[in-house]
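Here is a short note for a colleague coming to this structure for the first time. Please read it with the sequence and the model side by side.

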Amino acid sequence: MILAIDVGNTNIVFGGIENGNTAFISRVHTDRNKTEDEYAVIFKALIGINGLKPDSFDGAIISSVVPQLNEILKRSVELFSKCEPLIVGPGIKTGLDIRIDNPATLGSDLVVGAVAGIARYPKPLIIIDMGTATTVVAIDKEGVYRGGIIAPGVRVAMESLTGTAAQLQSISLSTPKKVIGTNTADCLRSGIVLGNAAMLDGIIERMKEELEGEPTVIATGGLSSKIIPNCRHKIILDDDLLLRGLEIIYNKNHEAHR
């Protein structure tokens with residue numbers, strides 16, 4: 001079993017995965033001030049809660065958009081599991097054909113999601129990831145990564161709005177009963193929940209015009225379950241997408257070093 005760790009700006013998602021099957025998934029808040037010892041204690045405890053032991057893992061891999069945590073998390077994994085994790089970045093084999101202006105600038109989370117999407121679903125693909133930012137990427141029928149969009153994440157937009165406008169307060173991200181709100185809370189829900197759903201529907205339509213063939217649309221990320229059910233397009237929710245991509249990349253590189 002592989003320990004796969006996806007480090008985002010808001011949460012760290014980690015889990016055990018073997019042959020494409022996820023044994024468990026846990027989430028912890030991303031804290032740039034924690035030490036490797038503190039992260040090791042947290043990881044070990046959550047792995048135990050899920051009925052596994054540190055020696056359950058044959059290897060580990062980390063994808064991170066928070067570079068200052070890379071070495072801390074690498075050492076934390078080594079402390080409790082005795083595995084030396086791979087870190088997705090320069091020199092790591094992914095098999096992904098990236099055709100954007102500067103492939104070196106592509107975030108590791110987008111690479112990992114694309115690798116998993118290509119392996120699991122019919123192409124062309126549109127992959128939505130809803131976290132601190134909302135990203136939508138396009139992969140053509142040949143499996144080539146063509147690019148995408150980056151938009152403010154759902155919570156980032158809501159916190160910015162309620163933090164700036166004195167008379168607006170944070171709300172739960174539940175679906176309003178109708179789009180035309182009759183009180184402040186429902187108006188905010190319409191704007192945040194239905195507004196993001198409509199944005200995604202619009203982006204999908206525009207991307208379809210630039211892709212050859214009918215795309216498979218996939219969504220992942222912590223907030224996707226709040227927004228995607230309100231979209232009008234058929235979108236597959238895949239919470240395990242990035243962990244599956246990490247296992248694929250781990251296997252590519254592990255086999256290369258045998």
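Predicted model: local features only at pLDDT ≥ 70, side-chain atom pairs only at ≥ 80, totals over all residues.

1. Five strands make up an open sheet of mixed pairing, in the order β3-β2-β1-β4-β5. The edges are taken by β3 (21-29) and β5, each of which has a single partner strand, so one side of each has no neighbour in the sheet. Strands of a sheet are held together in pairs by backbone hydrogen bonds, in either a parallel or an antiparallel sense.

2. The pairings. β2 and β3 run antiparallel and are joined by 8 bridges. In this pair, Glu 18 has Asn 21 of β3 as its bridge partner. β1 and β4 run parallel, with 6 bridges between them, and here Val 7 stands opposite Ser 64 of β4. β4 and β5 are also parallel, joined by 2 bridges; Ile 61 stands opposite Leu 86 of β5.

3. Strand β4. Is this strand buried or exposed? Of its 6 residues, 6 are buried, so β4 is largely enclosed by the rest of the structure. Side chains in a regular strand alternate between the two faces of the sheet. In β4 both faces are covered: one side carries Gly 59, Ile 61 and Ser 63, the other Ala 60, Ile 62 and Ser 64, and all of these are buried.

4. Helix α2. This helix covers residues 70-81, which makes 12 residues. From first C-alpha to last it reaches 16 Å, close to the 16 Å expected at 1.5 Å a residue. Its buried residues are Asn 70, Ile 72, Leu 73, Lys 74, Ser 76, Val 77, Phe 80 and Ser 81. What do these residues pack against? Their partners are β1 (2-7), β2 (11-18), α1 (36-49), β4 (59-64) and β5 (86-87). An α-helix has 3.6 residues a turn, so residues three or four places apart point the same way.

5. Positive phi values. Most residues other than glycine have a negative phi, and most peptide bonds are trans. Lys 82, which follows α2, has a positive phi near 70°. Lys 82 lies in the loop between α2 and β5 and is exposed, with a relative accessible area of 71%. Asn 19 likewise has a positive phi, near 55°. The loop between β2 and β3 holds Asn 19, which counts as exposed at 69% relative accessibility.

6. A cis peptide. The bond between Lys 123 and Pro 124 is cis, with omega at about 0°. Pro 124 is found in the loop between α3 and β7.

7. The largest pocket. Rolling a probe the size of a water molecule over the atoms shows where empty space is left. The largest pocket holds about 890 Å³ of space. It is lined by 38 residues, and the closest to its centre are Asp 109, Asp 129, Gly 131, Thr 132 and Ala 133. Elements that each supply at least two lining residues include β1, β2, α3, β7, β8, β9 (144-152), α4 (154-164) and α7 (241-256). β9 provides the largest share, 5 residues. By type, the lining of this pocket divides into 17 nonpolar, 14 polar and 7 charged residues.

8. The second largest pocket. Its volume is about 270 Å³. Of the 13 residues that line the second largest pocket, Gly 89, Pro 90, Ala 104, Leu 106 and Val 111 lie nearest its centre. The lining has 8 nonpolar and 5 polar residues, and no charged ones.

9. The cavity. How many cavities of 30 Å³ or more does a search of the whole structure find? The search finds 1, and the largest cavity has a volume of about 60 Å³. The residues that line the largest cavity are Asp 109, Leu 110, Gly 113, Ala 114, Ile 127, Asp 129, Thr 135, Val 137, Thr 220 and Leu 242.

Methods:
Residues numbered from 1 in each chain as written. Heavy atoms only, no water. 1 Å grid on protein atoms, 1.4 Å probe; cavity = no way out; pocket = protein on both sides within 12 Å on 5 of 7 lines; lining within 4 Å. Points joined across faces, edges and corners; volume = space filled by probe spheres on them. Helix = DSSP H or I, 4+ residues; strand = E, 2+ residues; numbered from the N terminus. Expected span 1.5 Å × (residues − 1). Buried < 20%, exposed > 50% of the residue type's maximum accessible area, 1.4 Å probe, protein only. Contact = heavy atoms within 4.5 Å. Pairing = 2+ DSSP bridges. Nonpolar A, V, L, I, M, F, W, Y, C, P; charged D, E, K, R; others polar.
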